[in-house]
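Colleague: Could you walk me through this model? I would like to understand it step by step.

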Amino acid sequence: MFKKIGFLAVLVASVASAQVLTPQTGVANDHGGVKTRSVDVAFVPRSGETSYGYNDGYTGVGLTILAWPIPNPDYDVAGFRLNLGWASYRDTIGFDCGTFSASRNAEGLQINLFGNLAYCDASGWQNGLVNIGKQNMRGLQIGLVNYSDYLQGVQIGLLNINRSGITFPILNLGW
């Protein structure tokens, strides 16, 4: 029995060892032990802060419980996102529902009770008490307060703010 527990401990420790990506080769190396072993990873160019990296930042399902996103908040959610609290993911693509949603970019259908926040671009449909497509909004916003720096679409709500065009209550159009 102790041999089985020891084997499992060694197995877990080896799986959890640090993986470092070397940009010259595109191979992740295990620098946690005496030996260095190569591990195959998907090496793809990335935009943003670094120009190299392996593509591990996507998930099909995102779940937010209170202030904790599952999985990692640096991931993109492409598929379904359920918010039972408030937390932010990098980008959200697909169906997003729950209490409150925040992400860098949002694309698709967002239906959240308290609101939706896209720090950069939003496209599709945002529905909540407060909807913000900070820089660009392409599509439809329905809520009490709707905000966008640049609007290509329709805002329906008590207060509609389009900083690049007209700010008009109830119904606001932007092209």
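Colleague: What share of the contacts with a separation of 6 or more comes from residues 24 or more positions apart?

Modeller: Bear in mind that this is a predicted model. In the protein, residues 24 or more positions apart account for 4% of the contacts that have a separation of 6 or more.

Colleague: And which kinds of secondary structure does the protein have, in what order?

Modeller: The secondary structure comes to 1 helix and 12 strands, and from the N terminus on the elements run α-β-β-β-β-β-β-β-β-β-β-β-β.

Colleague: How much of the protein is buried?

Modeller: Of the 175 residues in the protein, 31% are buried. The accessible surface comes to about 10,400 Å², and 69% of that surface belongs to carbon and sulfur atoms.

Colleague: Let's turn to charged pairs. How many salt bridges are there?

Modeller: The structure holds 4 salt bridges. One of them joins arginine 90 to aspartate 76, with the closest N and O atoms 2.8 Å apart. That pair links distant parts of the chain, since arginine 90 is in strand S7 and aspartate 76 is in strand S6 (residues 76-85), 14 residues apart.

Colleague: Are those two partners buried or partly exposed?

Modeller: Aspartate 76 counts as buried because its relative accessibility is 8%, which is under 20%. Arginine 90 has a relative accessibility of 22%, so it counts as partly exposed.

Colleague: Which residue does arginine 81 pair with?

Modeller: Arginine 81 forms a salt bridge with aspartate 96, and the closest N and O atoms of that pair are 3.8 Å apart. Arginine 81 lies in strand S6 and aspartate 96 in strand S7, so this pair ties together parts that are 15 residues apart in sequence.

Colleague: Why do arginine 81 and aspartate 96 count as buried?

Modeller: Arginine 81 is buried because its relative accessible area is 0%, and aspartate 96 counts as buried because its relative accessibility is 0%.

Colleague: What about arginine 104, which aspartate does it bridge to?

Modeller: Arginine 104 forms a salt bridge with aspartate 91, where the closest N and O atoms are 2.7 Å apart. Aspartate 91 counts as buried at 12% relative accessibility, whereas arginine 104 is partly exposed, with a relative accessible area of 35%.

Colleague: Changing topic, how many disulfides does the structure hold?

Modeller: The structure holds 0 disulfides. A disulfide is a covalent bond between the sulfur atoms of two cysteines. As for individual cysteines, cysteine 97 counts as buried at 16% relative accessibility, while cysteine 120, at 22%, counts as partly exposed.

Colleague: Now the glutamines. Where is glutamine 141, and is it buried or exposed?

Modeller: Glutamine 141 is in strand S9 (residues 130-142), and because its relative accessibility is 0%, glutamine 141 counts as buried.

Colleague: Which side chain does glutamine 141 make a polar contact with?

Modeller: The side chains of glutamine 141 and glutamine 126 are joined by a polar contact of 2.8 Å. If we leave aside its neighbours within four places in sequence, glutamine 141 is in contact with several residues, among them Gln126, Asn131, Tyr147 and Ile156.

Colleague: And what is glutamine 135 in contact with?

Modeller: Glutamine 135 also lies in strand S9, and with its neighbours within four places in sequence left aside, it is in contact with Tyr119, Cys120, Asp121, Ser148, Asp149 and Tyr150. Its relative accessibility is 41%, so glutamine 135 counts as partly exposed. The C-alpha atoms of glutamine 135 and asparagine 105 are separated by 9.8 Å, and those two residues are 30 residues apart along the chain.

Colleague: Last topic, the surface. Which residues form the nonpolar patch?

Modeller: The nonpolar patch on the surface includes Leu113, Phe114, Leu158, Ile170 and Trp175, and its members together have about 1,200 Å² of accessible area. Strand S7 (88-118) and strand S12 (170-174) are the elements that give two or more residues to the patch, and the largest share, 3 residues, comes from S12.

Colleague: Where is leucine 158 found?

Modeller: Leucine 158 is found in the loop between strand S10 (145-157) and strand S11 (159-162). At 59% relative accessibility, which is over 50%, leucine 158 counts as exposed.

Notes: Residues numbered from 1 in each chain as written. Predicted model: local features only at pLDDT ≥ 70, side-chain atom pairs only at ≥ 80, totals over all residues. Heavy atoms only, no water. Disulfide = S-S within 2.5 Å. Buried < 20%, exposed > 50% of the residue type's maximum accessible area, 1.4 Å probe, protein only. Patch = residues over 30% accessible without salt bridge, like charges linked within 9 Å, V, L, I, M, F, W, Y side chains within 5 Å. Areas by Shrake-Rupley, 256 points an atom, 1.4 Å probe, with all protein chains shown as cover. Salt bridge = Lys/Arg side-chain N within 4 Å of Asp/Glu carboxyl O. Helix = DSSP H or I, 4+ residues; strand = E, 2+ residues; numbered from the N terminus. Polar contact = N/O pair within 3.5 Å; in protein donor to acceptor, adjacent residues only side chain to side chain. Contact = heavy atoms within 4.5 Å.
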